[in-house]
Amino acid sequence: MAELRQCQRGPSDESWLRIEAGRLSFYESSGPVLAVVARGRDEIAVITELSGEGSTWLQPLRLRLEGTGQRLAVETVGVEGVMGRVRCPGP
């Protein structure tokens, strides 16, 4: 389960994720969001074109807010399991 203490590690933590308008950035990859489908108020499905370590690939994901909206579940479509993340305080 994601914890606020992980926020102190920043981009060096493998659970790190930055969501920007039209772009997702993960620990070792990032790329533009190519498509978004809303699935209710708290969930979206996205297709992003990620690049990292010399490769580029299409990545379908499901992102779902949980609880009060401070936790985010990220599911890689086609891969079993969900990685939980916590919203870190802004600067």
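Residues are numbered from 1 along each chain as its sequence is written, and side-chain values use heavy atoms, with hydrogens and water left out. As the model is predicted, local features need pLDDT of at least 70 and side-chain atom pairs count only at pLDDT 80 or more, whereas totals for chains, interfaces and linings use all residues.

The pLDDT, which is the predictor's confidence in each residue on a scale from 0 to 100, has a mean of 83 over the protein chain. A value of 70 or more is reached by 82% of the residues. Confidence is highest in strand β3, with a mean of 97, and lowest in strand β7 (residues 82-86), with a mean of 73. Where pLDDT is low, the predicted coordinates should not be read in detail.

The protein chain contains 7 strands and 0 helices; helices (H or I, at least four residues) and strands (E, at least two) are DSSP runs, numbered from the N terminus. The order of elements from the N terminus is β-β-β-β-β-β-β. Among contacts (heavy atoms within 4.5 Å) with a separation of 6 or more, 21% involve residues 24 or more positions apart. Of the 91 residues of the chain, 29% count as buried, where buried means under 20% relative accessible area, exposed over 50% and partly exposed in between, for a 1.4 Å probe and protein chains only.

Several strands are paired, a term that requires at least two bridges found by DSSP between two strands. Strand β1 (residues 17-20) pairs with β2 in the antiparallel sense through 4 bridges, with Glu-20 opposite Arg-23 of β2. The hairpin of β1 and β2 has 2 residues between the strands, and Gly-22 takes a positive phi near 80 degrees there. Strand β3 (residues 30-38) and strand β4 (residues 43-52) are likewise antiparallel, with 6 bridges; Ala-38 has Ile-44 in β4 as its bridge partner. In the hairpin formed by β3 and β4, 4 residues separate the strands, and Gly-40 in the turn has a positive phi of about 90 degrees. Strand β4 is also joined by 10 bridges to strand β5 (residues 55-66), again in the antiparallel sense. Within this pairing, Val-46 stands opposite Leu-61 in β5. The hairpin of β4 and β5 has 2 residues between the strands, and Glu-53 takes a positive phi near 50 degrees.

Val-46 and Leu-61 both belong to the largest nonpolar core, which has 9 residues. A nonpolar core is a set of buried Ala, Val, Leu, Ile, Met, Phe, Trp, Tyr and Cys residues joined through side-chain atoms within 4.5 Å. With neighbours within four places in sequence left aside, Leu-17 is in contact with Leu-24, Ser-25, Phe-26, Leu-72, Val-74 and Arg-85.

Three further buried residues were examined. Gly-31, in strand β3, counts as buried because its relative accessible area is 2%. Beyond residues up to four places away in sequence, Gly-31 touches Gly-22, Arg-23, Leu-24, Thr-48, Glu-49 and Leu-50. The C-alpha atoms of Gly-31 and Trp-57 are 9.5 Å apart, at a sequence separation of 26 residues. Ser-29 is located in the loop between β2 and β3 and is buried, with 13% relative accessibility. Apart from neighbours within four places in sequence, the contacts of Ser-29 are Leu-50, Ser-51, Gly-52 and Trp-57. Glu-43 is situated in strand β4 and is buried at a relative accessible area of 19%. On the corresponding basis, which omits neighbours within four places in sequence, Glu-43 is in contact with Val-37, Ala-38, Arg-62, Leu-63 and Arg-64.

The second largest pocket holds about 270 Å³ of space. Of its 13 lining residues, Glu-14, Phe-26, Thr-76, Met-83 and Arg-85 are the closest to the centre. On a 1 Å grid over the protein atoms alone, a pocket is an open set of points with protein on both sides within 12 Å along at least five of seven lines, and lining residues have an atom within 4 Å of a point. Grid points are joined across faces, edges and corners, and a volume is the space filled by probe spheres set on the points. At least two lining residues are supplied by each of β5, β6 and β7, and β5 gives the most, with 3 residues.

Key:
On a 1 Å grid over the protein atoms alone, a cavity is a set of points where a 1.4 Å probe fits but cannot get out, and a pocket is an open set with protein on both sides within 12 Å along at least five of seven lines; lining residues have an atom within 4 Å of a point.
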